[in-house]
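These are my notebook entries on one protein structure. I record what I looked up, entry by entry.

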Amino acid sequence: PALIQLREVEKTYGGRAGSNAVTALHTITLDVPKGAILGVIGRSGAGKSTLIRLVNGLEQPTRGQVIVDGVEMSALDERALRHERRAIGMIFQHFNLLARRTAFDNVALPLEIAGASRAEIKARVMPLLDLVGLADKARRYPAELSGGQKQRVGIARALATNPKVLLSDEATSALDPETTEQILTLLRRVNAELDLTILLITHEMSVIKSVTDRVAVIDGGRIVEEGPTFDLFTRP
Ligand code: ADP
Ligand code: ADP
């Protein structure tokens with residue numbers, strides 16, 4: 001089975017059958033095969049962030065099921081969810097690094113939360129910084145790093161708990177084209193080297209073209225097209 005499965009997922013915010021209710025997603029069914037890089041593209045308000053928040057259990061679906069590596073996220077309590085989230089890394093548009101922590105300590109954070117020992121943390125963090133090409137920046141603070149370097153720290157932090165899935169929420173939207181291409185190259189590398197399944201959302205067609213194997217187009221809370229990226233761009 002696919003590593004990420006959405007089964008007839010609906011998400012409505014607010015308003016008990018009321019006038020203020022917003023249905024962000026309508027009966028979404030989507031599979032992300034293990035090892036794939038699947039892109040979800042759509043304009044602002046299409047439902048992309050909602051989809052990603054459902055996959056990491058930050059939101060519960062109104063209907064349907066969200067299954068990650070055989071575990072139904074939508075059926076877990078808070079405690080089980082916290083444990084399950086270690087299998088899911090996430091990177092963000094604005095990096096979400098802690099300003100008062102060094103690059104090293106930002107990457108260490110998920111390990112601290114998971115209860116890793118000082119020794120385990122030391123053994124894990126430097127190889128991760130090395131993987132993203134920032135071994136020499138371990139003691140720098142986010143304010144001392146470029147946008148691309150900050151996102152590299154974000155990627156190292158997302159990989160700290162050795163997740164099976166990486167979720168990327170507009171991770172290159174704040175970066176210039178050249179830096180974007182470097183980050184996408186890094187994502188392709190970790191996808192291949194760590195057999196990591198990647199679900200990325202973006203509003204940029206160039207990102208979809210550059211890095212994804214498959215693409216789902218989302219509009220008004222519905223998937224209007226889904227298939228191999230190659231097909232989408234070669235269809236007449
Ligand atoms: P995108 O990421 O594609 O911009 P979102 O998933 O953020 O789309 O939003 C989809 C729809 O759901 C929008 O109409 C948005 O206003 C609404 N929405 C998103 N989050 C909330 C929320 N917490 N409460 C109410 N409405 C929300
Ligand atoms: P020590 O035991 O030498 O006092 P700590 O483990 O307390 O070192 O770490 C002090 C700070 O040094 C950490 O908060 C972290 O920012 C940084 N640090 C720890 N280990 C490394 C390392 N291998 N390379 C770079 N910086 C490190």
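Is E225 buried, partly exposed or exposed? I found that E225 counts as partly exposed because its relative accessibility is 29%; buried means under 20% relative accessible area, exposed over 50%, and partly exposed in between, with a 1.4 Å probe and protein chains only. E225 sits in strand β10, residues 222-228.

Basis of the entries. The model is predicted, so local features need pLDDT of at least 70 and side-chain atom pairs count only at pLDDT 80 or more, whereas totals for chains, interfaces and linings use all residues. Residues are numbered from 1 along each chain as its sequence is written, chains are lettered from A and ligands numbered from 1 in the order in which they are written, and side-chain values use heavy atoms, with hydrogens and water left out. Helices (H or I, at least four residues) and strands (E, at least two) are DSSP runs, numbered from the N terminus.

Entry on T50. I located T50 in helix α1, residues 48-55. T50 counts as buried because its relative accessible area is 6%. Leaving aside neighbours within four places in sequence, T50 is in contact (heavy atoms within 4.5 Å) with K11, Y13, A24 and L25.

Entry on T202. I placed T202 in strand β8. Its relative accessibility is 2%, and therefore T202 counts as buried. The side chain of T202 reaches the backbone nitrogen of E204 at 2.9 Å. Not counting residues up to four places away in sequence, T202 touches V40, I41, G42, K48, E170, V207 and I208.

Entry on the cavity. I then asked which residues line the largest cavity. A cavity is a set of points, on a 1 Å grid over the protein atoms alone, where a 1.4 Å probe fits but cannot get out; lining residues have an atom within 4 Å of a point. The lining consists of S168, E170, A171, T172, L184, L187, L200, I201, T202 and V207. Helix α6 (177-193) and strand β8 (197-202) are the elements that give two or more residues to this lining, and β8 gives the most, with 3 residues. About 40 Å³ of space lies in this cavity.

Entry on the pocket. The largest pocket has a volume of about 620 Å³; a pocket is an open set with protein on both sides within 12 Å along at least five of seven lines. I noted 19 lining residues, of which R85, R86, I88, P110 and I113 lie nearest the centre of the pocket. Strand β6 supplies the largest share of the lining, 4 residues.

Entry on the cores. In soluble globular proteins, nonpolar side chains tend to be buried together. A nonpolar core is a set of buried Ala, Val, Leu, Ile, Met, Phe, Trp, Tyr and Cys residues joined through side-chain atoms within 4.5 Å. I found that the largest such core has 37 residues, and that V125, L129, I155 and L187 have the most contacts inside it. I155 touches I91, V132, I183, L186 and L187, not counting residues up to four places away in sequence. Another core, of 28 residues, lies apart from the largest one, and L38, V40, M90 and V165 are among its members.

Terms used. Grid points are joined across faces, edges and corners, and a volume is the space filled by probe spheres set on the points. A polar contact is a pair of N or O atoms within 3.5 Å; within protein, one must be able to donate a hydrogen and the other to accept it, and residues adjacent in sequence count only if both atoms are side-chain atoms.
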